[in-house]
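The following paragraphs lead the reader through selected features of a protein model. Please keep the sequence and the structure in view while reading.

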Amino acid sequence: MFRGVDCTMRFVILGGSGSGKSTQAQNLSRHFNVPTISTGEILRQATSRLGALAENARYAIATGELVSDELMINLIRNHLQQPNFNKGWVLEGYPRTAFQAEELDFLLDELGQKLNYAIYLQTSQAVMLSRSKARSQPDDQPEIVQRRVELFYDRTVPILEYYDRRHRLLTIDGNESPEAVEHNIITLLSNTEAPI
């Protein structure tokens with residue numbers, strides 16, 4: 001199952017900072033021949049042209065806090081309405097709260113799209129902190145990384161329950177090498193029946 005590159009697949013990648021979301025999103029994008037939507041990249045590009053909402057985004061990026069729901073759902077809506085996202089996509093960095101997950105489902109219903117799976121990269125706090133510090137990006141300072149990890153456990157974990165109740169959650173050990181994680185994701189998808 002899922003062997004053809006032309007099948008319409010839609011995934012969200014869940015995990016804390018440093019769990020490998022971006023890497024695995026790119027891998028899935030290549031495997032299924034669908035575009036990636038990276039909310040981190042979208043925010044970095046958009047903060048210079050979003051007017052009043054930009055201040056919220058800039059502050060959140062600088063402090064490790066979450067960007068407002070209003071801003072995020074508008075950004076996601078704008079992307080999913082573009083023609084090149086009709087045939088599927090991999091969404092990385094959103095949703096980050098159970099409320100956002102529900103809002104995403106409402107948006108997908110409105111657009112006539114359906115999520116196949118939420119893939120959770122289950123990664124230890126020590127590994128997340130170590131990987132994030134090793135990336136040495138401007139917003140990966142130790143106190144900001146620590147804050148992101150805390151927020152992940154405080155606000156993001158309820159998303160797992162949300163998707164699990166809807167039989168859309170796949171959990172993968174994110175502590176392994178990127179190659180092993182990719183192999184495990186593809187294997188699990190190949191052996192899992194597509195949800196209705």
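The model under discussion is a predicted one.

With this numbering, one may turn to the loop between β3 (88-92) and α5 (98-111), where Pro95 lies. The peptide bond that joins Tyr94 to Pro95 is cis, with omega at about 0°.

Helix α5 also takes part in a helix pair. Its axis and that of helix α4 (residues 69-80) come within 11 Å and cross at roughly 30°. Angles under 35 degrees count as roughly parallel, and α4 and α5 are therefore roughly parallel to each other. Their crossing is right-handed. On the side of α4, the contact is made by Asp69, Met72, Ile73, Ile76, Arg77 and Leu80. On the side of α5, the residues include Phe99, Leu104, Leu107 and Leu111. By class, the contact of α4 with α5 has nine nonpolar residues, one polar residue and four charged residues.

Asn33 is located in the loop between α1 (21-32) and β2 (36-38). Although Asn33 is a residue other than glycine, its phi is positive, near 55°. A relative accessible area over 50% counts as exposed; Asn33 has 53% and is therefore exposed.

The loop between α7 (142-165) and β5 (169-173) holds His167. This residue, which is not a glycine, has a positive phi of about 55°. Is His167 buried or exposed? With a relative accessible area of 64%, His167 is exposed.

Conventions
Residues are numbered from 1 along each chain as its sequence is written. This is a predicted model: local features need pLDDT of at least 70, side-chain atom pairs count only at pLDDT 80 or more; totals for chains, interfaces and linings use all residues. Side-chain values use heavy atoms; hydrogens and water are left out. Helices (H or I, at least four residues) and strands (E, at least two) are DSSP runs, numbered from the N terminus. Buried means under 20% relative accessible area, exposed over 50%, partly exposed in between (1.4 Å probe, protein chains only). Axes are lines fitted to C-alpha atoms, for helices over the stretch in contact, and angles run from 0 to 180 degrees between N-to-C directions. Angles under 35 degrees count as roughly parallel, over 145 as roughly antiparallel, 65 to 115 as roughly perpendicular and the rest as oblique. A crossing is left-handed if the near helix is turned anticlockwise from the far one by less than a right angle, and right-handed if clockwise. Contact means heavy atoms within 4.5 Å. Ala, Val, Leu, Ile, Met, Phe, Trp, Tyr, Cys and Pro count as nonpolar, Asp, Glu, Lys and Arg as charged, and the others, Gly among them, as polar.
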